[in-house]
Structures are given as structure tokens and as C-alpha cells.
Amino acid sequence: MAEEEVNYASVVFKSKKHPPTQAKKEEETVDDEVKVESETNEPTADTNAGVLLDKKANNRRGQYQQLACCLGILCVILLLGIIAVVVVYHLATLDHESDLMAANHNLKNLNNNLILENLRRVNNLTVQLSNLTQNYNVLESKITNLTAVNQELERQRNNLTEQIKNMETHWNKLNISRAQWSIEAYCPKTDKVRQCKGCQNGWILSGSNCYVYHNAKPADQKTWEEAREDCRGKSSDLVVVHNEEEKDALNTYSVGSSGTDGYWFGLRAEGGRWKWIDGSNLTESYWTPQPPPTATDGQCGMSVQNVGWRSVNCTEKKQWICIMKALSV
């Protein structure tokens, strides 16, 4: 019985192809010893078989313990690996969530900024629209006013055009009347015969000029400006002297003057200088006495017969002499 078990054990161990471990080597050694003993000493077979079984059981128990220890170590390592993976995953998840939260925070800030910017732009556009609306209303009001003004100007233009036509008609009539008047004034009819002369009735011909002197009484005398207006009303002006002939004519027609009672003529002080009413400066003077070198504005020239010229305030009342060009006949 013991031999069969030993042989069975021998067959089992020999069938292994893997290299024998230390325990197997010991079993093989024991098997060999058992075989030797069985061959040399058969009476001790049962005892050796019991010892061999105990050794085998101990070897297997050690192997199982080693295997269990390895499995335990592997489980611990696997557990540690799983824990490490979980920790890493958790940390990565936390980092990812932190990044997501930061990105979300940034997006919220950006969205708030965009909302504020849009609100600011909307407010600006609203203000601009309000301003444009006000400007449009102002322009529309101005256009309305300008339209009304334009219509009024058009009406005035039509009125002025009508007035110009009327004035042209009146002017033509006046020219005809003036021509007729000139004919009557310069060519009076005597005994149904017209005789033309260089000066109008009441004017005195001297050289190429016509003169009329107004030896008015003190109540009818005029200031220098009033005297000039009277001459202009007769298509003439106050006497201007540019040569000896005109100087002699002024003296001749200063009829009845003496002392401070003389005749206005066309000379007055302007800007500190004596000027003729035709705009020319005084070059030759016939003052009696000679006035100051600088003319005083507001002074005018007065002629006294056979005496000369005197500087008198223009607002005084004096007589006056008018002159116009003679008509060539």
C-alpha cells in the first residue's frame, strides 16, 4: 500500500515540465530515500510513508501560505494602485472643476462687462437719437420759417419789381419833363422865338460856369449844410475854387458882404485839413486873416467881398453861392 502511494507521488511530480522548486527537490530527495529504504529495508515502509506525508503537507501548506502572501501583497498593491488612480482622478477632477469655475467666473465677468458696454452704447445711442430728433425739429422749424421768409421775400421782390416798373415809367416821365424844363430854362421863348443860353433864368454866366448868389435876409440865412442842400436841390453845389477865374467870380458874387456877414462856399475842415467838397485838398488859399496851420473840424469857409476868406463855425447862419457847369450851345 505504501509503495503505490509513493509511486503515485513520483508520477505526479515527474509529469511537471516546470523546473523543480526547492520544495520539489526536497520531495524528490525524500522519494529517492524512500525508494532506497524500501529496497534495503522493507519493514520500515509505513513509518517512512507517514513522515513523507507530513513533509508533503508541510510543504504544501508553506506553498499555500506563500501564494496567499503573494496574493495579499498583490491585492494591497492593486488597492494602492486603485486608491492612487482614484486620488489622481479626484485631484484632476478638482483641478478641472477649479479651471471650469475660473473660466465660468471669467465668462460671467465678460458677460457683465458686455452687458454694461451694451447698456452704455444704448444710452449713448438714445442720447444721440434724442439730440438728432431735437436738431431735426429745430431744422424743420427753421425750414418752415425760411419758407415763410422766402415767400415774404418773393412777395417783396414782386412789389419791388412793380415799384421799379412804376419808377421807370415815372423816371421817363420826369426825363421828359426835365428835358422840357431844361428847354424852358435854357431856351426861353420870347415873342414866340426861343433863344438858348448857357445858364438858366436867374443864373449868371461866368467863364464855363453858372453862378447864383442868395443874399438872404438874416431870418432866411442857412448853416453851411443847409446851404449845400439848397444848391443840390437846384442840381448844383456850393462854389469850388481851383483857379484865379473862379476866385474872382466868388469874390464878385459875394454881393453886399462885410465883416462877419459873408457867403458860404464849398470849403470845410475835415481830419485837420481843409478840403473842397469835390474831395480835393486846398492848395491855394485866400485867407484874411490866415487861419491856424491845423484846421479845426467843424469850421467852414466864408467869403467876404473885397476882403477874402474867413474860417467860421459851420453852424452859423450865412448867405450862400451855388455853382453849376454852363450848358454848351
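Analyst: Let's start inside. C231 and C322 are both buried. Bear in mind that this is a predicted model.

User: What joins C231 to C322?
Analyst: A disulfide, with an S to S distance of 1.9 Å.

User: Where do C231 and C322 lie?
Analyst: C231 lies in helix α4, residues 224-232. C322 lies in strand β10, residues 319-325. The pair therefore ties together parts that are 91 residues apart in sequence.

User: Is that disulfide left-handed or right-handed, and why?
Analyst: Left-handed, because the torsion about the S-S bond of C231 and C322 is about -80 degrees.

User: OK. How many disulfides does a search of the whole structure find?
Analyst: The search finds 3. Another one of them is formed by C199 and C210, with sulfur atoms 1.9 Å apart.

User: Which parts does the pair C199 and C210 tie together?
Analyst: C199 sits in the loop between β2 (193-194) and β3 (204-206). C210 sits in strand β4, residues 209-214. So the link ties together parts 11 residues apart in sequence.

User: And the handedness of the C199 and C210 link? What is it?
Analyst: Left-handed, with -90 degrees about the S-S bond.

User: Are C199 and C210 buried or exposed?
Analyst: C199 is buried, and C210 is too.

User: Next pair. What do C300 and C314 form?
Analyst: A disulfide, with the sulfur atoms 1.8 Å apart. The torsion about the S-S bond is about 100 degrees, so this disulfide is right-handed. It links distant parts of the chain, 14 residues apart.

User: Where are C300 and C314?
Analyst: C300 is in strand β8, residues 299-304. C314 is in the loop between β9 (308-313) and β10. C300 is buried, and so is C314.

User: Switching topic. What about C69, which cysteine sulfur is nearest?
Analyst: That of C70, 5.8 Å away. C69 is in no disulfide.

User: How accessible are C69 and C70?
Analyst: C69 has a relative accessible area of 44%, so C69 is partly exposed. C70 also counts as partly exposed, at 42% relative accessibility.

Technical notes:
Residues are numbered from 1 along each chain as its sequence is written. This is a predicted model: local features need pLDDT of at least 70, side-chain atom pairs count only at pLDDT 80 or more; totals for chains, interfaces and linings use all residues. Side-chain values use heavy atoms; hydrogens and water are left out. A disulfide is a pair of cysteine sulfur atoms within 2.5 Å. Helices (H or I, at least four residues) and strands (E, at least two) are DSSP runs, numbered from the N terminus. Buried means under 20% relative accessible area, exposed over 50%, partly exposed in between (1.4 Å probe, protein chains only).
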